Each structure stands twice: as structure tokens, then as C-alpha cells.
Amino acid sequence: MTPSYASYNDFKEQLLASFRDNEERMNGERKSPLHQLRRSALKQFEQLGFPTIRHEEWKYSNVNGLLKEEFGLDTTSTLTAEDLSPLEIPNLDGNILYFINGIYHPELSRIISPANQVKITSFAEAIKTDPDFIGSHFASYADYQDSAFTALNTAMASDGVVIRVPDNTTVEQPIILRFITDTREKNIASQPRNLVVIGKNAEVMMAESYRTLGEKTSFVNVVTEVVLERDARMQYYKVLNETENAYHIGTTQVSQSDNSHFYSASITLNGSFVRNNLNIVLNGQHAEAFMYGLYMPNGRQHVDNHTLVDHAMPNSYSNELYKGILDDNSTGVFNGKIFVRPDAQKTNAYQSCKNVVLSPGASMNTKPQLEIYADDVKCSHGTTTGQLNDEALFYMRSRGIPKDEARTLLLYAFSQDVLSQIKIAPIREYLEGVVREKLTK
């Protein structure tokens, strides 16, 4: 039985105590390499502490609201398939895995791809059955030395998913990871950990979605590590549609080899406080990375997108487009960095962030960055923040379209540059409907 930590007023101390009480269950033998790595990560988290606005990377994102909450670390839930049925996406086929409060539930999930196409196991199972594989990849890509939340996840993660795609294999059905936080009875904190390794000349489509059921507060701190071997290809989508009481810190760390192709879209629709970190290291020649993002905060929601593209080898290419629609008293942050190392000649890297601010109370902070240490490159970045185009709105109204409908049409068209990039049709069509509904409110 998980002990109660109601006596702990400090969330950091609560987490440290939880680790000490549960470390044998999480890690097995105390002398194992995995256990030692977790202890190292915990020590780093203890030294770093939670970031403040004095940290440059968190200048516009204050986590004090999160630290004032009390969270239950017991992840048990009574959610049933009937409870989850309203969350299903119509006509979506594929490998659909459910994680309730960060814990894999096979009775709610279905894996339909044959084992020779893909091996899918829970993170908790993989630790026990294949510790050598986990040891060779776990925390090898997502660096926890300078990130308190990554260090916390590395130390505390007990479940998630491990996906292995063999060489020369195409996974024909998408892999859908559905993370549901059950806050119907109490505040819940979870630390999911995902590892995806795609073999040489292999291909996969994967989506992560995050929802909260209940009115209490949720805190999800998730880390996903993705490895693309030579000539590998991946489509990766992340969708957040949480509640007004949801805190989400997500880090996706990608390592690409020669001729690999990574294609991603991140959609943030709702959540009290959201931080999306997408870090890509192009470790091979002729590697390509495409990144699209859409965020739509309203009320007092806060959405922070941090991206880093590290061009470590010559002849690589990256292209990034993020778009925001901000309303009411919401705040947005975009910090995108392109890093070109001295040996990364012939790099092509492009970045664009465009935002529409719909009300005087909403605000957007943008910080595009280029750090270039090679001389034979083509790189550019740009950002715009403004209001709806008055001329376009006037034109539509002059053609008999009511003001509210014209506004919705313009904003929906603005979002299509990102939504149209989602290649899994049922997910794209579902999101288009959710976006239209949100724009009409």
C-alpha cells in the first residue's frame, strides 16, 4: 500500500520520500546499473530543485502554481472501458494502448500488429524481461543533468511503453498511446516513460494523447526517447486536450542517424499549464526533421513550446512551423533554437512561429534563436504576433458572412497549415472538429 504523504507540505520532499519508500519495487536489485542511474538522477533533481523564473529557460513559465498543490502518488484507478468510451476517436484503427495514471492497462488496450513487425511492451515489463536493452537506451538521449523535470522522471518513472521496430520493417498500423489521468477523487501525479527504437530502413506512425477525467488537479511529467537508425522514418503526433486543472510537462528527445526522417506535429488544445519540450539531434548526414505545432490557450491557460534542433553532422535539413491562437487572459511562449555545430556544413534549417492574439488580456512571448558555428549553411527564423486581418474580416462580412462566423473561418484556415500535416486521417478529422468547436465558443 502506498503511504500517505499528506504531512509533507513541500512537493519536492514528498517526491524524494516516495522514491526512498518505493525504490526497490521500481528498480529491483539495489546494485543494478538501472538502480544506480535512478539514484544519480534523483540526486541531480535534489540539487537542481524545481525551476524558477530566474532560470533563463523558464523565464516566462512559473511553476509555483504546481508546487502549491498536494498530489496523491498512488496511481490505482477504477476507470473502466465504459468510462473511456466517450474519449474514443471514431474510425481509428491500430494498436491502441491505454495508460491510466501512467500505468499500462492491457485489459483496456489492443495490439493488432504482428510481432514480426513491432515489439510493444510496457516499460515496467521491459525492465524485468530485457534489462540489457533498457540499460543500453534508458536516459542515453534525454539528458537529466540540467533539467529538473527530466531528472525527476528518470528517477521516478515506473511504467510507460517500449517500442522496438526491427530493421527493414514497416509497421502498417499506427501505434496510439492514450494517457488518461483519473482525478475524479483526488489530485494525481504521474511520471510516464516511453522508449521508441526504430531499426534501419524501418517505418512507424505513433501518436500520444493526454486527457484528464475528473475535476481535481493532475500533474503529468512524461519523457519520450526516440531513436531512428539509418534510413528510418517516423511520423510522431502529440495531442493535449486536458482540463483547466491539468499541469503537463512533456519532453520528447529524438536522435537521428544517416538518412533518417522524423516528422512531427504537436497540438495543444487545453490545459492549465503546459510545457512541451521537443529536442532533436541530427546525428547523421542527410537526416531530415519536420516539426509542426498548434496551440490554442484561452481562459487563464499557459502553453510553453520549447524546441531545439541540433545539427551535429553535415548535409542535414530541418523545417519548423508553430502557430498559436490566444484568447481571454491566456499566455503563450515559444522558444525555438537552431544549433549548427562547426562540422555541420551544408545545413539547411528553417523556423517560423506565427501567432494571433484575440483579446487585450492575452499575451505571447517568442524567442527564436540561431547558434551557427559553420559557414556553409542556409538558416532562417522568424516570428510574428498580431490580431486578425481586419481587411479579410471586412471582406467576408461584406459578402454576407456574419462576424462570428467569419472570425471562425479565418482562424480555422490559420490552423490548417498545421492540422493538415497530420497524416492519420481519423485523428486529423477528429482534431479539426475539436478546433472548430473551440473556435465557436
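Residues are numbered from 1 along each chain as its sequence is written, and side-chain values use heavy atoms, with hydrogens and water left out. Because the model is predicted, local features need pLDDT of at least 70 and side-chain atom pairs count only at pLDDT 80 or more, while totals for chains, interfaces and linings use all residues.

Q: What makes the contact of R184 and D83 a salt bridge?
A: A salt bridge is a side-chain nitrogen of Lys or Arg within 4 Å of a carboxyl oxygen of Asp or Glu. The N to O distance between the side chains of R184 and D83 is 3.8 Å, so the pair meets the definition. A search of the whole structure finds 13 salt bridges.

Q: Why is the R184 and D83 pair said to tie together separate parts?
A: R184 lies in the loop between strand 5 (175-182) and strand 6 (188-190), and D83 in helix 4 (residues 81-84), so the pair ties together parts that are 101 residues apart in sequence. Helices (H or I, at least four residues) and strands (E, at least two) are DSSP runs, numbered from the N terminus.

Q: Why are R184 and D83 called partly exposed?
A: Buried means under 20% relative accessible area, exposed over 50%, and partly exposed in between (1.4 Å probe, protein chains only). R184 has 38% and D83 has 30%, so both fall in between.

Q: How do you know that R164 and D130 form a salt bridge?
A: The closest N and O atoms of R164 and D130 are 2.6 Å apart, so the distance is within the limit. R164 is in strand 4 (residues 160-165) and D130 in the loop between helix 5 (123-129) and helix 6 (131-137), 34 residues apart. R164 has a relative accessible area of 14%, so this residue is buried.

Q: Which residue forms a salt bridge with E225, and where do the two partners lie?
A: The partner of E225 is R193, with the closest N and O atoms 3.1 Å apart. E225 belongs to strand 9 (residues 218-228) and R193 to strand 7 (residues 193-198), 32 residues apart. Both E225 and R193 are buried.

Q: What makes D83, D182 and R184 one network?
A: Salt bridges that share partners join D83, D182 and R184.

Q: What makes strand 2 and strand 20 the edge strands?
A: Two strands pair if DSSP finds at least two bridges between them. Strand 2 (103-104) and strand 20 (377-386) each pair on one side only. They belong to an open sheet of 10 strands with the order 2-1-5-8-10-12-14-16-18-20 and mixed pairing.

Q: Why are helix 9 and helix 10 called roughly antiparallel?
A: Angles under 35 degrees count as roughly parallel, over 145 as roughly antiparallel, 65 to 115 as roughly perpendicular and the rest as oblique. The axes of helix 9 and helix 10 come within 10 Å and cross at roughly 150 degrees, so the two helices are roughly antiparallel to each other. Axes are lines fitted to C-alpha atoms, for helices over the stretch in contact, and angles run from 0 to 180 degrees between N-to-C directions.

Q: Which residues of helix 9 and helix 10 meet?
A: R407, T408, L411, Y412, S415, Q416 and L419 in helix 9 meet R428, L431, E432, V435, R436, L439 and T440 in helix 10. Contact means heavy atoms within 4.5 Å.

Q: What makes the phi of N91 worth a remark?
A: Most residues other than glycine have a negative phi. N91 is not a glycine, yet has a positive phi of about 65 degrees. N91 lies in the loop between helix 4 and strand 1 (95-100), and its relative accessibility is 68%, so N91 counts as exposed.

Q: Why does Q253 count as buried?
A: The relative accessibility of Q253 is 10%, so the value is under the 20% limit. Q253 lies in strand 11 (residues 246-256). Leaving out residues up to four places away in sequence, Q253 touches Y141, A142, T224, E225, V226, N279 and V281.
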